[in-house]
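Q: Please take a close look at how the secondary structure elements pack and pair in this model. I would like one connected account, with the residues that make each contact named.

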Amino acid sequence: TKTGLDYKVADLGLAEWGRKEIELAEHEMPGLMSVRKRYAKDQPLKGERVMGSLHMTIQTAVLIETLADLGADVRWVSCNIFSTQDHAAAAVVVGKDGTPDDPKGVPVYAWKGETLEEYWWCTQQALDFGNGNGPTQIVDDGGDATLLIHKGVEFEKAGKVPSPDTTNNAEFKVVLQLLAEIQKDSKDYWQKLAADCAGVSEETTTGVHRLYEMEKAGTLLFPAINVNDSVTKSKFDNSYGCRHSLIDGLNRASDVMIGGKTAVVCGYGEVGKGSAQAFKGQGCRVIITEIDPICALQAAMEGFEVKPLEDVIGEADIFITTTGNFDIITAEHMSKMKHRALVGNIGHFDNEIDMAGLEKIPGIKRRNIKPQYDEFIFPDGHSVMVLAEGRLLNLGCATGHPSFVMSASFTNQTMAQIELAQNRSAYEKKVYMLPKKLDEEVARLHLDHLGVKLTKLTKEQADYIGVPIEGPYKPEHYRY
Ligand code: NAI
């Protein structure tokens, strides 16, 4: 391990404010706090080096301190250049017992408004536990930490990092530059890192998608736990979390009246369902775009119109992408929108909206209103208002999901980390889900806080439907 506390955050002076909000968040995170209490004595993560790449928010601070309380040596970065809450980052570095002059917490490399170069540098710093050691376990959100290691290994084995000129993707150029720099000094840095890593637990749909692709291609270098598809994660965080934080992001950025307007939600998966509900709740007319007939039918049954984007491009006031896919809203789409239409993305990556294409339109002007809120003025005089430069707006323009829903997600994350530490030999280089019993347990831990009282199954009833009294209550194929 490194000596002294290394870190890079915006301002340790914000730690006191961060600590107050962390304490309030702890009250709203009963699942995570009960896991913390239950395992504090056993220290199941003792000896583990846990690297996290997940939005450095107040809620994540509670996760980080839980992992540390369970014995882990933790290092952290944000998984998005705009999502860090600087007071949260400061409080984590200072720690419960430290001061800004004598920080005693966890090394964090994150601040709001990183450049892409800084972002990937931070990721590499968090992967470096000193003495050539990497993490033994990773908490990933979107898969960037996992990607860096996998690309590093791939190019080390090939003996050469491709030139940045070989890609048009601005972000991947940065990754290639960073990897070339490291490869200059060491020929097996990433291979050692990958060999030491016992596994990753992945937070989101997009990251999980990347993991299954690697599993299929046979290139996955360590076991992975798909936290996203725990029912108590994707059916709650992705849907109810976005139902809360989508509106928060729109309001903090634009403060434009939402009620009475027409909103288009692209994609009606978990995030799309929560987003559409939020707009409905605000009194919007909601239009959905979908490629999947099942999701399209679901949207219709909820009373939403379902149409291709092209059919409604000139009539909507707000456009939100939730697909995890790319090129959903193109520059051409934006050229046909109403004057000052709001355009934002709540999916993981910024390529859902073709920002690069928008910036390249001849004669287009960008007028910054405030951080993470820009007006793009077309040569014909009409403009679109873009939130968070096309990056996920709920974390870019607001503070992401509230604590209670993140408690369910992060209880799953913590259980996944404990599982990787305790049953290491049981896992191959594949993608695994947490058991349903655990999913039910996570839900159970959140009932009291809401005053929910369960009905008890009688022995006879349990036998009649063929489930154990103590659960699990549903078969694996049940969809909730
Ligand atoms: P999902 O797979 O449940 O939903 C995506 C939907 O988009 C699917 O129904 C799919 O059919 C649809 N879709 C795909 N291509 C489309 C196209 N060209 N046009 C219209 N619809 C299309 O995934 P989920 O869980 O809703 O996640 C979506 C994205 O949001 C992912 O990138 C995920 O990582 C991210 N996410 C963001 C959160 C946030 O706080 N901002 C929270 C949770 C997830």
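**Helix packing and the sheet**

A: In this predicted model, helix 3 (residues 58-69) packs against helix 17 (residues 403-422) at an angle of about 30°, the two axes being 10 Å apart. Because angles under 35 degrees count as such, helix 3 is described as roughly parallel to helix 17. The crossing of helix 3 over helix 17 is right-handed. On the helix 3 side the contact is made by Gln59, Thr60, Leu63, Thr66 and Leu67, and these meet Ser403, Met406, Phe410, Gln413, Thr414 and Gln417 of helix 17. Sorted by class, the contact of helix 3 with helix 17 contains seven polar and four nonpolar residues, with no charged residues.

The axes of helix 6 (residues 144-158) and helix 7 (residues 170-185) come within 10 Å and cross at roughly 55°, which makes helix 6 oblique to helix 7. Here, too, the crossing is right-handed. Helix 6 contributes Leu148, Lys151, Gly152, Phe155 and Glu156, while helix 7 contributes Phe172, Val175, Leu176, Leu178, Leu179 and Gln183. By class, the contact of helix 6 with helix 7 is made up of seven nonpolar, two polar and two charged residues.

Turning to the strands, eight of them form an open sheet of mixed pairing, in the order 9-8-7-10-11-14-13-12. Strand 9 (305-306) and strand 12 (365-370) are the edge strands, each with a single partner, so one side of each has no neighbour in the sheet.

Helix 11 (residues 270-281) lies across strand 7, strand 8 and strand 10 (318-321), and runs at about 175° to strand 7.

Strand 10 is covered on both faces, with Ile318 and Ile320 buried on one side and Phe319 and Thr321 buried on the other. Four bridges in the parallel sense pair strand 10 with strand 11 (residues 341-345), and in this pairing Ile320 has Gly344 as its bridge partner. Strand 11 is in turn joined to strand 14 by three bridges, the two strands running parallel, with Leu342 opposite Met385.

Strand 14 (residues 383-387) has five of its five residues buried, and it is therefore largely enclosed by the rest of the structure. Both of its faces are covered: Ser383, Met385 and Leu387 are buried on one side, and Val384 and Val386 are buried on the other. Strand 14 is also joined to strand 13 (residues 373-377) by five bridges, and these two strands run antiparallel. Within that pairing, Asp374 has Val386 of strand 14 as its bridge partner. In the hairpin of strand 13 and strand 14 there are five residues between the strands, and Gly381 takes a positive phi near 100°.

Methods:
Residues numbered from 1 in each chain as written. Predicted model: local features only at pLDDT ≥ 70, side-chain atom pairs only at ≥ 80, totals over all residues. Heavy atoms only, no water. Axes fitted to C-alpha atoms, helices over the stretch in contact; angles between N-to-C directions. Parallel < 35°, antiparallel > 145°, perpendicular 65-115°, else oblique. Left-handed = near helix turned anticlockwise from the far one by under 90°. Contact = heavy atoms within 4.5 Å. Nonpolar A, V, L, I, M, F, W, Y, C, P; charged D, E, K, R; others polar. Pairing = 2+ DSSP bridges. Buried < 20%, exposed > 50% of the residue type's maximum accessible area, 1.4 Å probe, protein only.
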